[in-house]
Amino acid sequence: MGRYVVRRLLQMIPVFIGSTLLIFLMMYVLPGDPVRALMGDQAFDPAVVANIRKDLGLDLPLWQQYANYLGGLVQGDFGTEIVSQRPVADIIADAFPVTVRLTLFAFAFTVLVGVGLGIVAGLRPNTMQDRGLLALTLVLISMPSFVLGFLMQYLFAFQWQLIQPNVRDSENFGELLLPAIVLGSLSLAYVARLTRTSMAENLRADYMRTAVAKGLPKRRIVGVHLMRNSLIPVVTFLGTDIGNLMTGAIVTEGIFNVKGVGNAIFEALIRREGATVVGIASLIVLVYLATSLLVDLLYAVLDPRIRYA
Amino acid sequence: MSIIDKTDAVLEPESVGFEGPLLDVRDLHVEFHTRDGVAKAVNGVNYSVDAGETLAVLGESGSGKSVTAQAIMGILDMPPGRIPRGEIMFRGQDMLKMSEEQRRRIRGRKIAMIFQDALSSLNPVLSVGYQLGEMYRVHEGLSKKAAKAKAIEMMDRVKIPAAAARVNDYPHQFSGGMRQRIMIAMALALEPDLIIADEPTTALDVTVQAQVMDLLAELQREYQMGLILITHDLGVVADVADKIAVMYAGRIVERAPVHELYKNPGHPYTKGLLESIPRLDQKGQELYAIKGLPPNLTRIPGGCAFNPRCPMAQDVCRTDVPPLHPMTAPDGTELVGRASACHFWKETVNG
């Protein structure tokens with residue numbers, strides 16, 4: 001197990017370098033120039049621009065720029081924004097907690113409601129409540145999150161005036177509720193369906209018949225024998241889903257004006273602040289890698305047939 | 001311990017002075033409502049088992065032998081299954097009239113079942129010690145620790161080597177034979193009065209089959225349990241069974257003490273089964289096979305259900321359902337425990 005974890009951690013290094021390089025290159029090929037943008041509409045001296053570029057190291061060959069960036073990153077330096085002169089680390093420190101809060105809120109909603117609905121439907125396959133769940137989740141899956149977001153915003157904020165349309169205080173969980181529901185709804189639909197199918201399938205398994213034949217009470221049959229088996233695929237899905245929720249938050253944050261990473265990355269893209277974009281994107285990559293490792297380890301805990309050497 | 005007290009309260013009052021057979025199945029019918037119509041899986045089965053006795057139920061796939069056992073255990077899927085008629089008397093009490101909770105307390109504790117495929121019948125994500133110990137924890141209210149100790153003891157009883165070391169292992173870490181021993185240990189854990197073994201050796205290889213059957217027979221003798229052995233393997237039956245019931249299309253077509261059935265079958269179907277066993281002394285000859293297929297249970301043939309496949313079928317077989325005739329010897333004396341549901345049982349026995 002320990003060796004497996006070490007191997008997985010080592011494998012993360014090339015993945016991390018590869019993904020940062022890719023994002024770095026993409027920023028480079030984007031048209032536009034942050035230093036030129038710095039000058040605005042006023043007349044400027046090309047020599048000044050060239051000087052600034054030289055100071056920032058933007059005149060170096062691409063590979064050297066990347067090496068410099070990576071060198072800084074290893075020492076914990078995410079770089080500095082060119083226009084605002086703010087360290088990228090500060091921007092991340094401002095935006096990340098907001099998105100993490102929103103993501104975790106949406107995640108909790110997904111787990112509780114999604115698994116709950118899945119159990120209710122899965123225990124009685126092909127009944128009204130099961131069909132109802134399938135229809136509801138189908139709607140959620142086929143509706144893009146921005147449609148759902150604007151719809152909810154329109155209904156709850158403008159029609160019924162129940163909530164504020166925008167999130168002003170990201171530490172207020174009441175205000176984060178609606179964005180979290182919108183963000184979690186797609187995953188919720190998948191989780192509910194996965195739970196439902198997995199339960200309905202395991203319900204017919206031979207070992208369930210054995211559990212009944214042993215004279216166990218119904219609560220124990222469902223709670224111990226059925227759930228342990230049925231939740232294995234759900235847990236694996238949920239793990240990889242944390243990363244999806246974080247990236248999905250970019251759209252939701254836009255709709256509800258949440259000042260999270262989505263907002264930050266969007267603004268940085270417009271201003272061609274390469275360091276910011278690469279920094280945030282790399283962090284999201286790290287979250288993905290970490291959660292997928294966690295899921296794989298959890299998988300072995302839940303299912304004894306899987307052992308890592 | 002309250003669970004045990006209640007269980008005894010449920011069972012004892014009538015069963016203390018009860019003298020009849022341990023289990024008595026009377027005129028049991030089971031049907032399944034499917035899209036293609038009603039499948040009549042069991043059509044009036046009668047059999048009984050005494051303490052310490054082994055009844056072998058023989059028949060092809062789809063003959064209703066497993067469904068009967070599941071009805072006794074109360075583990076039929078209902079719906080689509082339904083029991084329109086019949087009684088299942090356990091120590092004189094009809095289990096079909098009991099509440100679900102009363103039945104649950106009998107399951108595992110008084111009547112236990114061993115399934116065919118131990119790998120799929122054991123929960124893959126729980127250790128065998130946990131699954132075994134569950135019997136003691138649920139039915140006797142033992143602590144987790146005490147239950148584990150009992151589980152190790154039980155694994156020893158079924159001759160699993162190094163039981164204490166293996167108690168935390170999972171089903172997939174055991175060989176097929178060892179897994180089936182675990183199933184047996186689980187069934188025997190609470191020393192039930194009756195064990196139903198549904199093809200316990202079918203999934204095992206031949207050398208292991210004999211070991212598992214011997215173990216089962218030995219433990220049965222020791223605990224004086226009734227045993228219903230469901231199988232389609234005539235070889236397994238001969239060594240352990242006391243009496244045999246042969247089933248076809250949801251009915252018992254022949255009933256006999258074990259050795260008499262082999263010596264002198266009283267139904268053409270039984271005869272066909274016995275003749276389709278490969279024999280060394282008939283090497284080189286073509287092996288007999290019963291022609292045709294088992295009937296579709298939604299459309300069981302009229303008259304005797306076996307008539308389309310029977311070499312002796314006459315017109316009467318296509319119109320009249322033969323009752324289960326008690327058989328007599330040629331001189332008219334009754335043959336104890338023998339019966340055949342064939343219009344021509346006399347000709348079959350003597351021919």
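Predicted model: local features only at pLDDT ≥ 70, side-chain atom pairs only at ≥ 80, totals over all residues.
View 1. B:G133, ten residues away from B:S143 along the chain, has its C-alpha atom 9.3 Å from that of B:S143.

**View 2. The contact between chain A and chain B.** Chain A contributes 21 residues to this contact and chain B contributes 25 residues, and together the two chains bury about 2100 Å², of which 59% is on carbon and sulfur atoms. On the side of chain A, the three residues A:R209, A:A213 and A:K214 provide 28% of the area buried against chain B, more than any other three residues.

**View 3. Polar and charged pairs across the interface of chain A and chain B.** Two salt bridges are counted between the chains; in the pair formed by B:E134 and A:R220, the closest N and O atoms are 2.8 Å apart. Polar contacts across this interface amount to 14 residue pairs, with both residues at pLDDT 80 or more. The elements of chain A that give two or more residues to the side touching chain B are α9 (206–213) and α10 (218–256), and the residues of that side comprise nine nonpolar, four polar and eight charged.

**View 4. The two domains of chain A and the area between them.** The domain assignment divides chain A into domain 1 (2–74) and domain 2 (88–302), whose C-alpha centres are 33 Å apart. Contact between them involves 17 residues of domain 1 and 19 residues of domain 2, and about 1500 Å² is buried, 80% of it on carbon and sulfur atoms. Within domain 1, the residues that lose the most area to domain 2 are A:R8, A:M12 and A:M27, which together account for 32% of what that side buries.

**View 5. The salt bridge between the domains of chain A.** One salt bridge is counted between domain 1 and domain 2 of chain A, and A:R8 and A:D296 form a salt bridge in which the closest N and O atoms are 2.4 Å apart. Two residue pairs are in polar contact between these domains, again with both residues at pLDDT 80 or more. Helix α1 (residues 2–29) of chain A gives the most to the side of domain 1 that touches domain 2, with twelve residues, and the residues of that side divide into 13 nonpolar, three polar and one charged.

Conventions
Residues numbered from 1 in each chain as written. Chains lettered and ligands numbered in written order. Heavy atoms only, no water. Contact = heavy atoms within 4.5 Å. Buried area = accessible area lost by both parts, 1.4 Å probe. Salt bridge = Lys/Arg side-chain N within 4 Å of Asp/Glu carboxyl O. Polar contact = N/O pair within 3.5 Å; in protein donor to acceptor, adjacent residues only side chain to side chain. Helix = DSSP H or I, 4+ residues; strand = E, 2+ residues; numbered from the N terminus. Nonpolar A, V, L, I, M, F, W, Y, C, P; charged D, E, K, R; others polar. Domains from an automatic or database assignment.
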